[in-house]
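Q: Could you walk me through some of the helix packing here? I'd like the cut-offs spelled out as we go.

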Amino acid sequence: MNLPNALAVLRIILAPILFALLLALKNENDPVLISWLNYFSAVIFAVASLTDFFDGYIARSWNQKTKLGAILDPLADKMLTLAAFLGLMIIDRANAWAVYLILVREFFITGFRVVLATENINIAAKFSGKLKTTIQMIAIGFLCMQWWGGEILLWVAVILTLYSGFEYIFNYAKMQK
């Protein structure tokens, strides 16, 4: 197993840990423990997010792209996003509609890309997709820490998420002409 794939596996392992930390906040009343749980959930999420950046960077730079990595990387991304958004929704830090819209788009586009890959069609992520991911990550961090602006960032992430999803579909439609 190469380093990029190991980083994706680490992200897969960190996702349920993040989810457990967020769920531990559900009925917690001790302000000190809440503060620590907020901090640890944000740190776990930040570390996992950094592995997302570095596994792709290393795979491209060191020419270590693999079929396993093509499966593990998006799986790890979705597991981390799912853990964060569902955990934050369960503890009432993220709006259920925002989470629903983001997750529906994420799973639809992932499925769409998998189907296209079976036909050897690759629609590369555009800038809007990378921006969407960045804003989602920042929003999750803000929501984990209960910082001001987290809810606003979440809705900005929803708009960018939907836009980038439509962009994928539009680009595919253009390819079919």
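Q: How does H2 pass H5, in a left-handed or a right-handed crossing?
A: H2 passes H5 in a left-handed crossing, where left-handed has the near helix turned anticlockwise from the far one by less than a right angle, and right-handed has it turned clockwise. Helices here are DSSP runs of H or I with at least four residues, numbered from the N terminus. This is a predicted model, in which local features need pLDDT of at least 70, side-chain atom pairs count only at pLDDT 80 or more, and totals for chains, interfaces and linings use all residues. Residues are numbered from 1 along each chain as its sequence is written, and side-chain values use heavy atoms, with hydrogens and water left out.

Q: At what angle do H2 and H5 pack?
A: Helix H2 (residues 31–61) and helix H5 (residues 127–145) pack at about 165°, with axes 8 Å apart; axes are lines fitted to C-alpha atoms over the stretch in contact, and angles run from 0 to 180 degrees between N-to-C directions. That makes H2 roughly antiparallel to H5 (over 145 degrees; under 35 is roughly parallel, 65 to 115 roughly perpendicular and the rest oblique).

Q: Which residues in H2 meet H5?
A: On the H2 side they are Asn38, Tyr39, Ser41, Ala42, Phe45, Ser49 and Asp52, and their partners in H5 include Thr133, Met137 and Ile140, with contact meaning heavy atoms within 4.5 Å. The residues of this contact of H2 with H5 divide into seven nonpolar, five polar and one charged (Ala, Val, Leu, Ile, Met, Phe, Trp, Tyr, Cys and Pro count as nonpolar, Asp, Glu, Lys and Arg as charged, and the others, Gly among them, as polar).

Q: And what do the buried residues of H5 pack against?
A: They pack against helix H1 (3–24), H2, helix H3 (67–90), helix H4 (96–118) and helix H6 (150–175). Among the buried residues of H5 are Lys132, Ile135 and Leu143, buried being under 20% relative accessible area, exposed over 50% and partly exposed in between, with a 1.4 Å probe and protein chains only.

Q: What about Ser128, buried or exposed?
A: Ser128, which is found in helix H5, is buried, with a relative accessible area of 9%. Not counting residues up to four places away in sequence, Ser128 touches Tyr163, Ser164 and Glu167.

Q: Switching topic, how do H1 and H3 pack?
A: H1 and H3 pack at an angle of about 10°, with their axes 8 Å apart, which makes H1 roughly parallel to H3. The residues of their contact divide into 19 nonpolar, three polar and three charged.

How values were computed: Helices (H or I, at least four residues) and strands (E, at least two) are DSSP runs, numbered from the N terminus.
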